[in-house]
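Hi,

Here is the structure I promised to pass on to you. Have a look at it first, and then read my notes below.

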Amino acid sequence: MRIVAGVDFGTLSTRVTLLDSKTGRLGTASAAYPLHRKREDPDFATQSHNDQMNALVQAMHKVLLQTGIKGNKVEALALDTTGSSVIPVDAEMTPLDDYYLWCDHRAVKEAQQITKLAHAQGLEAIQWCGGVYSHEWGFAKLLHWLRNNPEKRALLASAFEHCDMVAATLCGITSPQQAKRSVCALGHKWLWNPKWGGFPPQEFFTEVDPLFAGIREKLAGEVLTSDHLAGTLSPTWAERLGLNAGIPIPVGAFDAHWDAIGAGCREGDVVNVVGTSTCIIAMQGRTQIIPGVCGVVPGSVHPAYTGVEAGLSAVGDIFEAIARRAGTDVQTLSEGLEEYRAGQTGLMRLSWDNGDRTVLIKSELGGITIGWNLLHTAQDELFAAIEGTAFHTRIILDRLAENGVPIKRVINAGGIPQNNATLNQVYADVFNKEVLVPDGIPTSIGSGIFAQLAAGIFPSIEEAQNHMCLKHKSYLPNPSNVAVYEQLYRLYRSVYFAFGDDSAPASRLAEVLPKLREYAYMSHLESFKLPSAIEKP
């Protein structure tokens, strides 16, 4: 019996899971922290580093008490976090401000400026992040901070991604140059790649804005995959957490990437980590640019493969918004959705309520619902939103497949698929593919697997996955629903590109509303029964 701790810092809480090398999960505990929003500025989203670290202490003590495990039995600790969540620090690694959280969208102008100059200069890095630098990513957020905090600029020594900052804090590192940085974080969000010597040239950043003078040097440090150590647990944090000092802490990564590992992702799998948004993670043996896909980075998911990241900017958040506007909650509004038939609402709902992350990469887009009549309900809109997120996901999967990413299995991971059989079935029907779902709570299993590697418990990720990952439930496509969704998907694609891409060929939008009514009528002619999930070995 060898025990490690897997830690997951989410948007609203941190969760700590203890894993035993023989029996798997021993227990999980969580502690919440506030997300700071402003009604007058919906793009604002920040979080305190101290709040997060205090929550980690609470969650660790809770799980040790809950399981009866002594802290000195924990051999390693690994952590994943949100991203791109950026924090500026001074020369002693003291935060100069709160995190610009992943969902902070204030840096739109900065991102557009970086994108424009990158294309003007033929910067190769811009091609490897889908051709557009996002307002959700590191340099855009850091530049926004520099422009809006003149009184603190002179103190800036460096800036860190969430996963690197937490690991450095736990290791007691007080110099930015000594902190290890994550290939996953820098590769996907900071234009970093050893192919062009790390970050783009300093001249590029200086031309973006003179406030970026010396930024390459400030961000310098060792950039590593997660089979390397960020350090060991410091005596101070060992005492606070109730663990032994000196236990290894591997280089961290983004939560969705390690969620994919925890869901059993292998080469040929695509994992949809469905939560407030959806991160789509895949890994492959070769490395090539995929247009409109926001990251292709060697070693970002599994050190031996090239990681691919895509996604939707909002999924669970859309469901929550629909329920909130109806004066209820998602669980209540979902009651009875299992009786809905494919396309029966006659509504088409595009999932752009928080912009488009992939494949258009446009923050300025907004949600669209087509086909309303006087009898439609909030529940109808919720079902149409589930269908809409499935169609958008299929557009992304098609883009991956067109560019050589193998898709042998589709796994729905994250929190929502655990409690939403209707969503899983709709996804299987829209994709016309079997959809697998971990049969249990997969939280922090990915981080636990990397902790086991760091402790030397298992020699490889695959060996650890064989022992730790949960079995899968299977959702098989229903042929009658597939037939309806094939028609609807063609319509959805035409509307998606017609509204979102001004370079797309002209579409016959006049046919959309009649077709939606026709398919809604068709759906009532077909018998529909939600198949039961099947447990997979």
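A word on terms before we start: the domain bounds used here come from an automatic or database domain assignment. Please also keep in mind that this is a predicted model.

On that basis, the protein is divided into domain 1, covering 3-255, and domain 2, made up of 267-441 + 478-526. UniProt, in an unreviewed entry, places the feature "domain: Carbohydrate kinase FGGY N-terminal" at residues 4-154. That span is 31% helix and 31% strand, and its end C-alpha atoms lie 41 Å apart.

The C-alpha centres of domain 1 and domain 2 are 28 Å apart. In the contact between them, 20 residues of domain 1 face 24 residues of domain 2. About 1,900 Å² is buried between domain 1 and domain 2, with carbon and sulfur atoms giving 57% of that area. On the domain 1 side, Trp102, Trp128 and His188 lose the most area to domain 2, and together they account for 33% of what that side buries.

What holds charged partners across this boundary? Two salt bridges are counted between domain 1 and domain 2. I also have a salt bridge between the side chains of glutamate 136 and arginine 357, at 3.6 Å from N to O. Five residue pairs are in polar contact between the domains.

Helix α6 (residues 183-189) supplies five residues, the largest share of the side of domain 1 that touches domain 2. By type, the residues of that side are eight nonpolar, eight polar and four charged.

Enjoy exploring it!

Notes: Residues numbered from 1 in each chain as written. Predicted model: local features only at pLDDT ≥ 70, side-chain atom pairs only at ≥ 80, totals over all residues. Heavy atoms only, no water. UniProt positions renumbered as here; feature names shortened; annotations may be inferred. Helix = DSSP H or I, 4+ residues; strand = E, 2+ residues; numbered from the N terminus. Contact = heavy atoms within 4.5 Å. Buried area = accessible area lost by both parts, 1.4 Å probe. Salt bridge = Lys/Arg side-chain N within 4 Å of Asp/Glu carboxyl O. Polar contact = N/O pair within 3.5 Å; in protein donor to acceptor, adjacent residues only side chain to side chain. Nonpolar A, V, L, I, M, F, W, Y, C, P; charged D, E, K, R; others polar.
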